Amino acid sequence: MANVSARLARVRDGLTPREWARAGAMVAVVIGLNVAGWLMLAAAVGGHYHITNTEIFGFGTGALAYTLGMRHAFDADHIAAIDNTTRKLVNDGKRPLSVGFFFSLGHSSVVFVLALLLNFGIRSLDEQVRNDNSGLHTVTSVIGTGVSGTFLYIIALLNVIILVGIVKVFREMRTGRYNDAELEEQLDKRGLMNRFLGPIARRADAPWKMYPIGVLFGLGFDTATEVALLVLAGSAVVSGLPFYAILSLPILFAAGMCLFDTVDGCFMNFAYDWAFAKPIRKVYYNMTITGLSVFVALFIGTIEILGLIGQEYDLGGGFWSFMGGFDINKAGFVIVGIFVVTWIAALAIWHFGKIEQKWDDRQAVPAADCTEG
């Protein structure tokens, strides 16, 4: 019991009262988005509305919007933008708990505003949305998916190059050499949108300034998740659903994205507190998180491309049936599981491989030689 009390005291003392208040406000907003979204959805479900002739607007529709937002939170550019800004602010001696929170709010605001525009005026989508053979469906299901999958492969390739550079820094550390400038240069190149908007993000000297940067990233439509959410909202609009039913979708999208981006930002904040203590920690942490971003891009890109190939060429067999039946909108849960497993494995390798101890031993040898000289 004494040990538990001591640990709780350390957690409590880890943040100032002002920081705890900010953390509480973030939690309240995230909970508020979830409550508002699901309550509005529940109210709409009672009306037994239809999105199409065969599809009913229900909790499955809301879960789809939520998982789209959650999946979007794990995009490579999200990880890079939040990670780079958090690293800068921690290096400046700040405690930036809300970097991911404000970035996500800015990003989801774009989707929310566009959903409002759909509700207030774009009735010309009626036949396009209802007709499965329409040009809109062709663009979103074929061209949109193909572009998204290709885009993700490009991101993966870029981040593989960055990962090779980080591994190079890590290997050089085994010989006692460490180039922090080279590491920072590699980290700043992660993601595609981040290459263009990263310099703006690096100028942010407070977490709230990530809100407008999140808006800019949102305008980039960097994956199909935003497009898919808007098509879903458009379907609700032309089906004559109530205003609150339509708004529940972008709110749930924001709730899913905001939850995981906020957790991501807080995790990175405390991780860098640990990582900045020693160079070996910083390199190992960034090697792990960059490797994860490569996996996410390849995982989603492969599912999208192979699923599209199987669909367009009507391919059969166990493999193509599995790929065609894989629910891409539930991939976010798979990614969360992979993140958890990867970090457990990384911590196990760090602990049992005694990586930090070996680094300390190598640093101690030159020091001992200098003393003897």
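A salt bridge here is a side-chain nitrogen of Lys or Arg within 4 Å of a carboxyl oxygen of Asp or Glu. This is a predicted model, in which local features need pLDDT of at least 70, side-chain atom pairs count only at pLDDT 80 or more, and totals for chains, interfaces and linings use all residues. Residues are numbered from 1 along each chain as its sequence is written, and side-chain values use heavy atoms, with hydrogens and water left out.

The structure holds one salt bridge. E356 pairs with R281, and their closest N and O atoms lie 2.9 Å apart. The partners sit 75 residues apart, E356 in helix α16 (residues 355-372) and R281 in helix α13. Helices are DSSP runs of H or I, at least four residues long, and strands are E runs of at least two, numbered from the N terminus. E356 is buried, at 14% relative accessible area. R281 is buried too, at 15%. Buried means under 20% relative accessible area, with a 1.4 Å probe and protein chains only.

Now the wider fold. The protein chain has 16 helices and zero strands. Of its 373 residues, 47% count as buried.

Next, the nonpolar cores: sets of buried Ala, Val, Leu, Ile, Met, Phe, Trp, Tyr and Cys residues joined through side-chain atoms within 4.5 Å. The largest has 47 residues, and Y285 and F339 have the most contacts inside it. Helix α13 (residues 279-312) supplies the largest share, twelve residues. F339 touches F74, I79, L292 and V296, leaving aside residues up to four places away in sequence; contact means heavy atoms within 4.5 Å. Another core, of twelve residues, lies apart from it and includes L41, V45, Y66 and L252.

Conventions:
Buried < 20%, exposed > 50% of the residue type's maximum accessible area, 1.4 Å probe, protein only.
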